[in-house]
Every structure is written in C-alpha cells, then in structure tokens.
Amino acid sequence: MDTIVAPATPTGGAIAIVRVSGEDAFHIVESSFKVNLAVKDGKWNATLKKLKIGDEVLDECIVLTMPAPKSYTGENMVEIHSHGSSFIVRKIVDTLIKHGARAAQPGEFTKRAVLNGKMSILQAEAINWLIRSENSKGWEIAKKQLEGEFEAVIRKLRKGIIDLASDMVADLDFSDQVELSMDYFEKKARYVLGVLEKIVKSLERSVVIFNETKVVIAGRPNAGKSSLMNSLLGRDRVIVSDIEGTTRDFVSETVNIGGFRIRLVDTAGIRLNASDEVEREGIRKAYREIEGATVLLLVVDLERGFGDYEKNVLLSANGEIIIVLNKSDRVDDSRISEVMESVTTWVKNEELDCGRVNFAITVAKDGIIHEVVDKLKTILKGILDVEIPVVPQERYLALFKDAHKRAQEVVDAVRNGMLDAASFLLEEIVRDLEFVLGKVDVEEVLDEVFSKFCIGK
Amino acid sequence: MFDDKYDVVVIGAGHAGIEAAAVVKRMGKKVCLFTFDLDTIGLTPCNPAVGGPGKGHLVFEIDAMGGVMGELVHRSYTQIRVLMTSRGNTARVLRAQIDKKMYQLEARKILEEMGVDVKQDEVVEIVIEKGRVKGVKTALGKLYSCEKVILTAGTYLDAEIVLGFKKWRAGPSNHMASYALTKRLLKHGVEVTRFQTATPMRVDGRTIDFQLMKPLMPDVGITSFKFGKKVDKIRQVPSYLTYTTKETVEVIKQHLSTSPIVIGNIAEAGPRFCPSIDRKVINFPEKPDHQIFVEPEGFNTVEWYLQGLTTSMPPYVQHKILESIPSLKRARITRYGYAIEYNVFPPFKQLKPTLEHINVKGLYFAGQINGTSGYEEAAAQGLIAGINAALSLDGGKELVLSRSSSYIGVLIDDITTKSFTEPYRLYTSRVEYRMILRASTAYFRLTPIAYRLGVVDRKFYEEVERLRKEIQRTVELLKLKKIAPTKKVNEKLKEVGSTALSKKVSLAEILKRPEFNYSLLKRLFPEYVPELSSPDAEFEVETEIKYEAYIKRQLSRVWKREKFEKFEVPEGFDWNLLRGKISAEALDELIRTSPSSGKEIARLARVSEEDLVFLYQFFRDKKFRLRILGMKAEEL
Ligand SMILES: Nc1nc2c(ncn2[C@@H]2O[C@H](COP(=O)(O)OP(=O)(O)OP(=O)(O)O)[C@@H](O)[C@H]2O)c(=O)[nH]1
Ligand SMILES: [Mg+2]
C-alpha cells in the first residue's frame, strides 16, 4: 500500500495535525525532515522534534508514531502536531509528498481502516456522521452505531432471514419429510418485515435529525399564515394585512419550540389564478418548501372552508401535517366541526395516512395558538424518538426501503400459497442487503436446515 | 495390436453410463459400454424411486435433451405422484416409484435397440499416452482402441461394504467391484478421495402389517417423465408411510456402540441428507417418530424398501429396530442395510466444465465417482459427458450449460467450481434462477439446444416448438383481452368469491388473483379463454402470468450476473497486490482458494457481489488495473 498524507485539522486553530499512513510512513517522515523517530515495535510514541527542511528548522512539533497494526488505519501511522499556520501545514504536506507520500483522497484513511479490518463499513459511516452531528440526538445515534448497536440489529435481521430461508428450504426441498404450515411461514416472514420496518422508520427519522427540522406554514391568501408565524415567534416579524398576497416570498426564522430547534417558514399564499410573475414565483417556491417540510402547518380560514387550494397543498406534503383551523373567533362551533368533517372525509377518500393529519383550532391574530404548539411538540418528540440508531446514509434508505417492500411481498406470497415465490423474494432481499448482512451462502442455509430438522431417507 | 476400435468407450452401465453411451450413439459415433454384468444394467441399488424436488427437474431436462431416463421411468413405474401441489406453481414436481427389475430390462433393451455395443468385461486399465487417451485394457486381456473414455464407475471403485463390525471388499448389493483401475489412473495426475453412503434393509411384504400404515396414493392422468406420455392408471401401486417409536430410539441408543459411525470403521464423508437412523438418533435424541416410507421394489417381487431406516448396524440390531415398530414387528428381512465406501475423484480443480479431466485429454468423468449422489444427478452428468466426448471427436465446440439455463448447468457448475466434503445433491435451493428453470419449461429451454446438436429428431423438436408457441400465444391473448366491469361480469366474479371489477382489466390481471387458475378463468369467460391442447399447457400459461413479475426480475439478474462472471485470472496472479483494495475477508479467501476464473470467484462464500464487480473491472480493464495498482503501463 502506498503512503498517504493529509491535514487532519481545519486551518485557523492554534495547532494543526498532519496525518501520514502507509507502510513507508516512518521512513518518509524521517527522510523528509531529517529526524530519527526511534519507532518502538508495537508501541505508540510521542516525541518533540525540530522538523528541518534542508538546513532550516520549519517548526518544532510533537511527532506521534503508531506502528501497524495498532493504529486507526491498521497501517504504520504518524501524526505531526505543528503550530496552526496554514503555511507550515502546506510545507509539511508538500515535503512529505516530495519524499514519496501521496495526497489522500477524502475519506481514504477511514477506507483503509475498513479494508484492514479495523472497523466495519457501518462503523466507518457512523464516524462520518459523528463528525457532522450538530445536536445531541444526532451525536447519540452516530455514537451508538459506532459502538455497534445497529450492527446488533442487523445480526438479528440476518438470523431471522436465515431462519426463515432454512425453513423454506426444508419445506421445499424435503417436502416429504418437513411440512410447515403457511401460518408458520407468515409469522416468521412478518418478523423479518417488522425488523425492516423499524429500520426504515428509524432511517427516515434519522434523516430529519441530521438535517434541519423544517416547519412550513402554508394556506390560501389571507388565511392568517403570517399572523401565525408572528405568534409562534412572539414578535412581529412578518407584515400582516388584509390584502391577499401580502407575503410574496417565503420568510424563514429559527425558533426554539419546546426545546427543539426548528426552522419556521412562512410562505406566500397559494392562489390558483396568480397573475403577476413575482407572485407565481413565490407560489412555486412555496410548493418546494411544502414538499420538504418535516411538519406542515396548513392554515385554513374557517370562514372560507376546506377547498381545492388546501387539497393541492396536502397532496404535495411528505411530512406530518397540522391543519390549523384559523379565525375561529369568526364562526360558531358547528362550522368548525363541519370543516373538520370535510377534511377527514377527503383524507380517507384519498387514502392518505390519517395518522399524519392533526387539527388545531386558533385565533392567530390574537396569539391564541396553544393547540398548534402542543401538537407540534408531540410530533417533534415522536420524530426524534428513534428506535434503532442508524445514521441516514443515503444508500441505506433506498436499499432498506426496497428490502422492506420485498419483505411485504414475501408475506403476500406466503398468504397466497406461493412459497416458491416467497423463497425467491427472500433471496433477493439477502442479495440487496449483502453490503450490511454479508454474503449468505446457500451452504450456510443448508447447514441451518440440517441442524434444525432431522432430514434423511 | 488392438482387438477392436471404438470412438468412445464407456466404463460402467449405471445411470451415467447408460446416458453417455446412448447419446454418443445418437450422435453417430461408435461406442462400447463395459459392465461387470449384463443383467444389472441400470441397477438401482438404493431406493426404488426417481424424481422429487430438484431430481425431478433433472429427469425432465434429461428427457428434453434426448436422454433415456424419462423413457425408462415411463416404461417401469409402479406409481407416479405430483408433489408440492400447495407451494406455488413453480415448485410442483413429479416423483416416480419404479420396478427395479423392469427398469434394468428396459435399460438393456433400449441400448440394444439403439445399437450400442454392450460388453461384459472389466476394464482394468485406461491406456493413456502423453496425457491422451489411447484405449482400454480389460480383465480378459483384451485391448480396445478409442479416443475417448467416459468413466462412470459409480460406487464400484475400490468399494468396501461395512455392516456392523464387518468390512469386506464388494460393490453395491455384493456385486463385483473394481480394484485395479484407480491405482493405474493415479499415475496420470488424477486425484482421488473417499466417500461413503448407506442403504436400509429390505423386507418381505407378506410380513408387513399394511393396515397400520398410511397409504400414499398415486396420481392418474398426469403427464409422465416422458414428453407427451400420460400416466395410465391400471399399473399403479401405492406406497406407505409409517413411523419409528420411542422404543426404536431406545433400542438404537442401547446398541449405539455397534454402530459403524461410533466404531469408526467407516469414512466420515457420508451424505447429511441421507443419514442413517443411528445418526438421526445421535443428532436428534429427543425425536421419537422418524418417518419411514415403505416402497415396493417391483411388481414381481415381495421385497419392500424401508426408506428412513438406513443403517449399517449389525443384523441383530436391525431385527431389534423392526421389532420396535408395530407395523413392521413381524417383518422378515430379506437383505440387511449396509454402508459402502468408494473412490471419488473430486471434480473441483480436476475437471473442466465439459467433464473432461484437465490432465488427460479424452478422459471424461460422470456420476457418483464425481462425488454426487442420486441416479438423476449421475444420468445428467453422463449425458453431458457423452455429448462433449462426441462433439470433441469432430473438433466441435463443446457444450457447457450455464447456471441460468438448467438444473443440469447448476449441478455441473457447482461440482466443478466448488469443493464438497460430502456427496453432492442438487437441492432446488442451490438453483438461484429457479423462477425461470421450472420443470415445466425444461423442453423449451433445452430441446432446441439438443436439436442443434443432433441429439433429438426434428419431429420431437417441432412438437416442443408447437407447444411453446401455443403457450406464448395464449399468454399474449390474455394480456390483451380486456374485460369491462359490467354487472354480469361482477356477478360472475362474486359467485366464485372474487372481488368486483371497478375498471376495465385484462384477463391476465384476473388470472393473477390468488383465487383464480386457468380452468376457472376458462369457465367464467369461455368466449375468450381457449381450451388448450393439454392441461400442462394451461398450467404453464397460468404460471407465466402469475409469476410474470418474478420471472422478469430474475431474468434481469441473470444478465447482470453472467456478465460480471466473465473474466479469467492470470495463472500465478499475486492476490496480495489487492491488499487494501478489497475487503480483507474476501482477500483471505481468494489467497486460500486461488481461483482461476470469475465463475469460481462468484461461488466463494466471502466474496460479495460488489467485490465481484470490482474484480471484473480489474481483470478486464487494463487502465483500471494500472490505476488501482498505482503503476504506469511500462511497469507492468
Ligand atoms: N378574525 C381573525 N382575523 C385574523 C386571524 N388571523 C389573521 N387574521 C387577519 O386576517 C388578515 C390576513 O392575515 P395574514 O396573517 O396577513 O394572512 P396571510 O395568510 O399571511 O396572507 P398572505 O400573506 O396575503 O397570503 C389580517 O387582517 C389578519 O389580521 C384570526 O384568527 N381571526
Ligand atoms: Mg402573509
């Protein structure tokens, strides 16, 4: 393996660290700066050294040597702790490269650690997200994955899959000797489905945690969106008027609600027949915000009711939804239940997930919005309650969602008496998740068959 | 110097040898089949059954390629049953019981009718000069010249029978065996190892209490293992199911010290899927009720076979075992169970996928000597070895069936790319493309290939094609024909417990509903759904429609997988060069097994699909390789 080098710290600190890793790491550092590292076999060693380039001393540095395999990458490693000047750092790196090292690609140190068996891919990815975590929840998730909690879940999933696969093999290949009921298969398939479901749900929440939690206010012009925004912020941030289309662009503020830091966005009211280009652009942006919202606050003017405007918005939403029934001071209770009823009926007809839809009754202009705040807190708590600690690595989400879909198909196939198809689908899941499960060889499944069932002629 | 001259000599007239000799003859070559005993051609020394999951697929494929096994089973069955009727269409398969003696007579007859030279003499040496087959020498001192030898000696090489404390030299059922051939072969760079297998006792049917057993009734009217032939009912006999008892387990536990597995006078490498009853008791001591299938050995014999009671414990223990089972309490043993040890030439790293030996040109190995078990596995290999021997006589391109083409392809690929420590059996679970390799598609997949090779005649091929087109046409028709949600249609659907239509859908969509099958669809929409030429054709249409999504998905896997397996590893490649480029786990396995091709690599347990794709690029793309190794072109 060639030897790689890269600064490990950002510029601007008092101290900077340059990392070197590879078979020749010690040798390259010694010849670059004319020092003797006196590396001790199997032991870390830190010494203060004057690094020279030619005859000139560049800097006095702490040089830490970590012989293979007891280092982060599992290779010979050197860390040079210099003063934090970007000039010094650049000099150190350049000199090392001149003497045979190569500039590391992003993530290459961790990649080597994985390839050398120092950590699993899942751990490496956890480190990546640990660095990026900005709140305690994200830190906790990444740390737990690093410590192997997610891997434990994966092991359980793998065991469940092999268990089910071996039952299927026993039944399909030794039909005269093993006959298991379809109910039995369904139960086991549901277990696999359940684990995958939990993983997918946790991943979806993890995405929210590592990204900003966005709460978007939408609704038709003049519904009271800006009034709600101001009330939530506790100050008059946005202009409120009874002219339709007052807010043209979206306005966004960070706010703390019940201990959660969220980004609150007020959008332009959606008018279907917006005439001028500025307003149309505002509406396009509003839709983009609605799609990306973790929680959508759809403000409905109780006087005007639930119509096409509102329906369009709901169909674009991907996150949780609170229907804010505003201007409740202007109507009587029967009108409120009438509007609620029409929303509920429509949601059911469209087969939207009813669990996602909540109601809050408000008088935004007077700051009577406690129902919104309470619902928001409950939803956020739910979102942040992640059962399985898993970082939102992009490919995980796609693959696990796919596997989850397949698992549902396995259950359906079993219910329809197609055990042959179910066993095929299960193999597909195994192959798609190979990167986390590891390869599941047919021999491993057969071993399980023979240890579980007494089979033979 | 030579007494006679043949193109191909086949040694051993078991299931592999029969297929090999027959197909070589079909391909117009001069062939001689040697056997110890002309009266035991096609001996079935273990159970009197052919087919079942995996094995049944093989029989259809053999039949599709012009082999004789399907025909022999059809001529000699005592019963045929459809298995796996409630596990989905693609799992359904046949199993036949055969009359052993009749099978042998028909086997000999078929070979004689075809004009295969059959000879009773023992081949004691394969004459090999400069790594090339020249002929064979026999025990009677005869010398035959030939370019190709197909060795299909089954369990007869250096065979030893083990029964209780006794061990003696003999072939299956105490037949003559061969003790000269292997030794002489080893001089030519051929590797050998030893396996064992065992068989249960046979009993006199007049002493069995059938009243205490559950009869397993045959099916009638279904298509047989022979293309286009039906199973007729007059000749069928049921088999029976009974169980061991707590007492059986006690008896075996008491006498375990007499079991050859415990004594240790038997090779370790026995088949896990066919454990002896003593092994079952050791592994599952809590289980009292082990199944015993009681199967007739034939029409004209009183002997019955006790599948499930395999053992080589001493005779007195075998009596005690039967006494512990109410239905077999009085059963008189006609032959005792025994184990047999025999020579195996592991094909991994020794045979090409054509089944020719890598060190001896013209020498092919097929059947149980390759470490497989089962009549069907043997026959399949014999067929392929025969085809390849004949093809290479003309210098033509040899036949290698891919894993995605057939169960036969999987079988041969498995044994030539992986090593096995026990006799190999072809489970359906080994067949990753089983959604497309259905028993029902064997003819469509393989008959065209066999026709091109000149193994099957035009008439057979055309019949297969006609059937294929009929199915294809019907599938298309059902996909195109749309049914409107009229009141009449919805009433019909309601009558059969199916949900009403809310919009226009195709007949195919309706057939996909779990509660539907082809005949129900035909009954409900007789004006659109045609009656096909056979129930098999209707079944196949139904399968293609119901499994469409899976079949499609599997096909897309096939091309991807086959693509990334296509590369060779240069001889002596230093895998250490890839340290740090692929996972350490995969690297360890690559170093340990030093594979020579992408196909072998794909079978390794620790090499993931991602690794495979990487290696494909590495060995196929020079630029990529140089970049990975950090070298410039001139350094390599
Ligand atoms: N009676 C009553 N009036 C309200 C309430 N909430 C807002 N309003 C009034 O409704 C008018 C519109 O309020 P905004 O908050 O500007 O409405 P908006 O949805 O932001 O409107 P656009 O920005 O034009 O889309 C103002 O005159 C508010 O004072 C409420 O709960 N009750
Ligand atoms: Mg506004």
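Start with helix α8 (residues 225-233) of chain A, which gives the largest share of the shell around ligand 1, three residues. Helices here are DSSP runs of H or I with at least four residues, strands are runs of E with at least two, and both are numbered from the N terminus. The model is predicted, so local features need pLDDT of at least 70 and side-chain atom pairs count only at pLDDT 80 or more, while totals for chains, interfaces and linings use all residues. Residues are numbered from 1 along each chain as its sequence is written, chains are lettered from A and ligands numbered from 1 in the order in which they are written, and side-chain values use heavy atoms, with hydrogens and water left out.

**Ligand 1**

Next, select the shell. It has 23 residues (a heavy atom within 4 Å of the ligand); the closest are A:N222, A:S226, A:S227, A:G245 and A:T246. By class the shell holds six nonpolar, 10 polar and seven charged residues. Nonpolar covers Ala, Val, Leu, Ile, Met, Phe, Trp, Tyr, Cys and Pro; charged covers Asp, Glu, Lys and Arg; the others, Gly among them, are polar.

A backbone N or O atom of A:N222 lies 3.0 Å from an oxygen atom of ligand 1. A polar backbone atom of A:A364 is 3.0 Å from a ligand oxygen, and one of A:K327 is 3.3 Å from a ligand oxygen. On its own, ligand 1 has 650 Å² of accessible area (Shrake-Rupley method, 1.4 Å probe), and the protein covers 93% of that.

**Chain A against chain B**

Select both sides of the contact (heavy atoms within 4.5 Å): 46 residues from chain A and 55 residues from chain B. There are five salt bridges between the two chains, a salt bridge being a side-chain nitrogen of Lys or Arg within 4 Å of a carboxyl oxygen of Asp or Glu. Zoom in on B:R553 and A:E409, whose side chains meet in a salt bridge at 3.1 Å, N to O. On chain A, the elements that give two or more residues to this side are α6 (149-173), α13 (394-415), α14 (419-432), α15 (434-437) and α16 (442-452). Colour α14(A) separately: its 10 residues are the largest share. The chain A side divides into 20 nonpolar, seven polar and 19 charged residues.

**Within chain A**

Finish at A:K198 and A:E387, which form a salt bridge with the closest N and O atoms 3.7 Å apart. A:K198 sits in helix α7 (residues 182-210) and A:E387 in the loop between α12 (370-384) and α13, 189 residues apart.

Definitions and conventions
A polar contact is a pair of N or O atoms within 3.5 Å; within protein, one must be able to donate a hydrogen and the other to accept it, and residues adjacent in sequence count only if both atoms are side-chain atoms.
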